[in-house]
Amino acid sequence: MSLAKPAMRGLLGKRLRFHLPIAFALSLVAAAAFKYGVTEPRKQAYADFYKQYDATKEFNNMREAGIFQSVRPTGE
Amino acid sequence: MLFSFRMLATRALSLVGKRAISTSICVRGGHGVAKVDDYALPAYFDRRENPLPDVQFVTELSAEQRSLKEKEKGSWATLSNEEKIALYRISFKQSFAEMNEGTKEWKSVIAGMFFFIGMTGLVVLWQRKFVYGPVPSTFESEWKEKEVQRMLDMRINPVEGFSAKWDYENKEWKK
């Protein structure tokens, strides 16, 4: 019958003191995960692709496949 | 003078009892009084956002309850725990814990949701068979093969996407 008096004040402050650090930490973790899981691999993939890229060779292959309208394949 | 007359009238009303106002409306100016319907009087309801309703729950007190109310006018330290609970139940129907407890309604809600989604699925199947015409010619296998070949020739997304998965040397998809 004699319950303890419930907390009447400082409820928002208590909630913020608990939740805000967690929110900040989780946001930082999410940002770091995206950076190192997505953007860094993507930058590396592009770097690797263009390291061995020969534009003229690719152009000639595409030309022979017949997709351009300005230059037809050699032989036509 | 008018002020004191009004005060005496309200004191008289509060003596008669909370719900019996309809039988003792003071008549003023010699006119008749409209009958007050039950729904127009202050009502009791259990709501979390309105914790102290306008009237108490039990309207006609038994003899035991009346004597308890008399005892309440004295020192509350003399009241036992059962008497305190009895006084609470006179004023209120359900406690906050009782009024806030959940129901089993969510099961009916989920069941209804599944039922209507199922009905919609049947309607969609029927539509697909009896209402819609044929799909465009660009969905045929030969067309799709030519489409894929052209996309590879054009080197669509060669770094991370479509053409990146094709092995141009061996003319096959990369493993």
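Trainee: Is Arg155(B) buried or exposed?

Mentor: Arg155(B) is buried, at a relative accessible area of 13%. Buried means under 20%, exposed over 50% and partly exposed in between, with a 1.4 Å probe and protein chains only. Please keep in mind that this is a predicted model, in which local features need pLDDT of at least 70 and side-chain atom pairs count only at pLDDT 80 or more, whereas totals for chains, interfaces and linings use all residues. Residues are numbered from 1 along each chain as its sequence is written, chains are lettered from A and ligands numbered from 1 in the order in which they are written, and side-chain values use heavy atoms, with hydrogens and water left out.

Trainee: Where does Arg155(B) sit in chain B, and what is its phi?

Mentor: Arg155(B) belongs to the loop between α6 and β1 of chain B. Its phi is near 60°, a positive value in a residue other than glycine. Helices (H or I, at least four residues) and strands (E, at least two) are DSSP runs, numbered from the N terminus.

Trainee: Which other non-glycine residue has a positive phi?

Mentor: Lys171(B) does, at about 55°. This residue lies in the loop between β1 and β2 (172–173) of chain B. Lys171(B) counts as exposed, with 64% relative accessibility.

Trainee: Back to the loop between α6 and β1 of chain B: what does the side chain of Ser163(B) reach there?

Mentor: The side chain of Ser163(B) reaches the backbone oxygen of Ile156(B) at 2.6 Å. A polar contact is a pair of N or O atoms within 3.5 Å; within protein, one must be able to donate a hydrogen and the other to accept it, and residues adjacent in sequence count only if both atoms are side-chain atoms. Ser163(B) is also buried, at 2% relative accessibility.

Trainee: Changing topic, what is the volume of the largest pocket?

Mentor: The volume is about 660 Å³. Its lining has 23 residues, and those closest to the centre are Glu58(A), Asn61(A), Arg155(B), Tyr168(B) and Glu169(B). A pocket is an open set of points on a 1 Å grid over the protein atoms alone, where a 1.4 Å probe fits, with protein on both sides within 12 Å along at least five of seven lines; lining residues have an atom within 4 Å of a point. The volume is the space filled by probe spheres set on the points.

Trainee: Which element gives the most to that lining?

Mentor: α2(A) does, with 5 residues. At least two lining residues each come from α2 (55–65) of chain A and from α6 (141–153) and β1 (166–167) of chain B. By class, the lining has 9 nonpolar, 4 polar and 10 charged residues. Ala, Val, Leu, Ile, Met, Phe, Trp, Tyr, Cys and Pro count as nonpolar, Asp, Glu, Lys and Arg as charged, and the others, Gly among them, as polar.

Trainee: What caps the N-terminal end of α2(A)?

Mentor: Asp54(A) does, with a side-chain oxygen 3.4 Å from the backbone nitrogen of Thr56(A). After α2(A) comes Gly66(A), whose phi is positive, near 90°.

Trainee: How many aromatic pairs are there over all chains?

Mentor: The count is 10. One of them is Tyr44(B) with Phe57(B), a tilted pair at 5.3 Å centre to centre and 50° between the planes. Both residues lie in the loop between α1 and α2 of chain B, so the pair ties together parts that are 13 residues apart in sequence. Tyr44(B) is buried at 16% relative accessibility, while Phe57(B) is partly exposed at 35%. Rings of Phe, Tyr and Trp (its six-membered ring) pair if their centres lie within 6.5 Å; planes under 30 degrees apart count as stacked, over 60 as edge-to-face and the rest as tilted.

Trainee: And what does UniProt say of residues 109–127 of chain B?

Mentor: The unreviewed UniProt entry annotates them as "transmembrane region". In the model, this span is 100% helix and 0% strand, with its end C-alpha atoms 27 Å apart. UniProt positions follow the numbering used here, feature names are shortened, and annotations may be inferred rather than shown by experiment.

Trainee: Finally, how many helices and strands are in chain B?

Mentor: Chain B has 6 helices and 2 strands, in the order α-α-α-α-α-α-β-β from the N terminus. Of its 175 residues, 14% count as buried.
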